[in-house]
Amino acid sequence: MNLNELTNDQLEEQIETYQDRIETMTDYISDEDDSTTRGVMQGQLQRYRMALQMLKTEKQTRSSSTTEKPSIDLTEFIFKSSDHLRHQNGVHVSGPHGGAGRVVKVETNINGGSGYSVTMYNSDGDHPIWQNNVQMAPKQMKIIQSNNDKIVLRGYGQDMMGADFSDYGLTILLQNGKAEKCILHMHDRNVDIEYLK
């Protein structure tokens, strides 16, 4: 179940479904005499409870975030970075590099879906092999948090090869209504790339 793809109504339906499953499974366990069968049922009950907790956490995250309209226009957002820092597991591991120009581009979803497309470009020139300056191919993302200080986007869905966009995220840090810094999150690797102005 990809939580990022569920609408708020679908999320509510899933929460109700898992609450019903937990109640039903609890009744079945109390009526079951065979210890082996009861053990299997308890394992399933635990999985239902874990799924319900994930759903409730997602609901809480959505309700605590302002996602209706970002505080800046993201339909054609460009952030030009002069350099960047790399963090792994919260630890600074490299950079600044003495100038490593990158461009962060956010635009209306190029695939026609909801949300945005986020692409990274190398502003120092084309890659020697693929002969263009695309540093990171477009990733489909939605806003999960927005206020006057920052906008947080998270990938959803998959690309044509089945790779999960949810492995990626982008935080735009704001000051006086202008972007001061962008941070690319590679959640599956616990890596953050901090793009500096």
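1. Basis. The model is predicted; local features need pLDDT of at least 70, side-chain atom pairs count only at pLDDT 80 or more, and totals for chains, interfaces and linings use all residues. Residues are numbered from 1 along each chain as its sequence is written, and side-chain values use heavy atoms, without hydrogens and water.

2. Helix H1. H1 covers residues 8-31. Helices (H or I, at least four residues) and strands (E, at least two) are DSSP runs, numbered from the N terminus. The 24 residues of H1 should span 34 Å at 1.5 Å a residue, and its end C-alpha atoms lie 35 Å apart, which agrees. The expected span is 1.5 Å times one less than the number of residues. Leu11, Ile15, Tyr18, Ile22, Met25 and Ile29 of H1 are buried (under 20% relative accessible area, 1.4 Å probe, protein chains only). An α-helix has 3.6 residues a turn, so residues three or four places apart point the same way.

3. Strand E2. E2 (residues 83-88) pairs antiparallel with E10 (residues 191-196) over 6 bridges; pairing needs at least two DSSP bridges. Histidine 87 stands opposite aspartate 192 in E10. E2 also runs antiparallel to E3 (residues 91-94), joined by 3 bridges. In that hairpin, with 2 residues between the strands, asparagine 89 takes a positive phi near 50°.

4. Cores. A nonpolar core is a set of buried Ala, Val, Leu, Ile, Met, Phe, Trp, Tyr and Cys residues joined through side-chain atoms within 4.5 Å. The largest has 25 residues; Leu74, Phe77, Leu153, Leu170 and Ile172 touch the most other members. A second, separate core of 14 residues includes Leu3, Leu6, Ile15 and Leu45.

Methods:
Buried < 20%, exposed > 50% of the residue type's maximum accessible area, 1.4 Å probe, protein only.
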